[in-house]
Amino acid sequence: MAGTEKVVYLEDLEVTKTSEAVKGEASEAPSSAQPASTDAKAPAGAEPKSTGTGLKRQRTLLDMFSRPADPASAPAAKKIRTDASSSGLQPLNSVPFSQSEFVDSLTDEEKELLALELETMGKSWLKILKDEIRKPYFLQLKRFLLEQGVRGAADSAKVLKVYPAPKNIYSWSNLTPLGRVKVVIIGQDPYHGAGQAHGLSFSVPPGVGIPPSLRNIYAEIKAEYPGFAPPAHGNLAAWAERGVLLLNTCLTVRAGDAGSHSGKGWEQFTDKVVDAVDRYGGASVAGGGRGRGIVFLAWGAWAAKRVAKLDKKKHLILTSAHPSPFSAHKGFLGNGHFKKANDWLVARYGPAGAVDWCAL
């Protein structure tokens, strides 16, 4: 895919009417890949009346095994199941959002500070994170970046000495729409060398030398998939387009100064990105509009901390040492993460869930 081409997915389209949202939610059929659950049955009062003893007997047996012994405890148990399964979550494609109405709701200062987000953030992410980017901490982060010269997508990283170029800060959100996320690979900082960062963790644009950590990632894929031919470039955009969210914890950095933008607010924001993936990741992979779990690859202590709160029953969370040359031989090489990820995704979503790690 050309670097300038922007793909529009279903979840990127605007849904503005509440009636449309309700209709979309009500009309969605359960995914055939999702296991059947007695919790999904209609309430007893909504079932048709039995006309034979066979149905009565069946319902009596179901009552014994699927309902609480004490009817008074039913509401509490139902609430626990709802929280755990997110069954009350509105389907992603039915979440109403109008960017023009959102812009009209902003103050003049917010319009100035959030110009980059409005112009470059993928709409499937913006409609979920729209309230987050109006919070005081995020606006303060944007004031800081404004002082650094980061205003709009047309600003040049060469002039600003802030990486990546503003137009690429949210490239992850455009290449990987929220509902299509299958795997998240968490990085820490963008590369702080000239021309290296382009908004995807561990990835570099074509023509830039392959970083040492990425060489070790290629080595691990080769060990798991012997047919893999490591490419002569480090551009992982093809993974992003297949549902691999390449997310750094901090989205900007000062040239030549690693960690220089940490503690400014990016960490809190990307935690909310992870929260959004927790709720909606995989929503568009097998239909249904709601996330049914994805794979998190967390390499190194920093990344492991970002995913520590996630539900290990819902998601596959794989941790190991970082692929850096300083630590790759302490647990990254030989971790088997890429094949483990695909095995889990195929079991959860069917063959369509697998990621082709080898096609770069």
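Buried here means under 20% relative accessible area, exposed means over 50%, and partly exposed lies in between, using a 1.4 Å probe on protein chains only. Welcome to a short tour of a predicted model, in which local features need pLDDT of at least 70 and side-chain atom pairs count only at pLDDT 80 or more, while totals for chains, interfaces and linings use all residues. Residues are numbered from 1 along each chain as its sequence is written, and side-chain values use heavy atoms, with hydrogens and water left out.

- Helices (H or I, at least four residues) and strands (E, at least two) are DSSP runs, numbered from the N terminus.
- Strand β2 covers residues 183-187, and because five of its five residues are buried, it is largely enclosed by the rest of the structure.
- Val-183, Ile-185 and Gly-187 point one way from β2, Val-184 and Ile-186 point the other way, and all are buried.
- Two strands pair if DSSP finds at least two bridges between them.
- Five bridges join β2 to the parallel strand β3 (residues 244-248), where Asn-248 is the bridge partner of Gly-187.
- With strand β5 (residues 295-299), β2 pairs in the parallel sense over four bridges, and Val-184 stands opposite Phe-296.

**Aromatic rings**

- Rings of Phe, Tyr and Trp (its six-membered ring) pair if their centres lie within 6.5 Å; planes under 30 degrees apart count as stacked, over 60 as edge-to-face and the rest as tilted.
- Searching the whole structure turns up 15 aromatic pairs.
- In the pair Phe-202 and Trp-299, the ring centres are 5.7 Å apart and the planes meet at 65 degrees, so it is edge-to-face.
- That pair links distant parts of the chain, 97 residues apart: Phe-202 sits in the loop between β2 and α11 (212-224), and Trp-299 in strand β5.
- A cluster linked by ring pairs takes in Trp-125, Tyr-137, Phe-138, Tyr-170, Trp-172, Trp-266 and Phe-269.

**Charges over rings**

- A charge sits over a ring if NZ of Lys or CZ of Arg is within 6 Å of the ring centre and within 35 degrees of the ring normal.
- Lys-264 lies over the face of Phe-144, 4.7 Å from the ring centre.
- Arg-306 places its charged end over the ring of Trp-302, at 5.5 Å from the centre.

**The largest nonpolar core**

- A nonpolar core is a set of buried Ala, Val, Leu, Ile, Met, Phe, Trp, Tyr and Cys residues joined through side-chain atoms within 4.5 Å.
- The largest one has 88 residues, of which Trp-125, Phe-269 and Trp-357 touch the most other members.
- Helix α13 (residues 266-280) supplies the largest share of this core, seven residues.

**Two polar side chains**

- A polar contact is a pair of N or O atoms within 3.5 Å; within protein, one must be able to donate a hydrogen and the other to accept it, and residues adjacent in sequence count only if both atoms are side-chain atoms.
- Lys-309, in the loop between α14 (301-307) and β6 (316-320), counts as exposed because its relative accessibility is 52%.
- Ser-320 belongs to strand β6 and is buried, with a relative accessible area of 16%.
- The side chains of Ser-320 and Asn-335 are joined by a polar contact of 3.1 Å.
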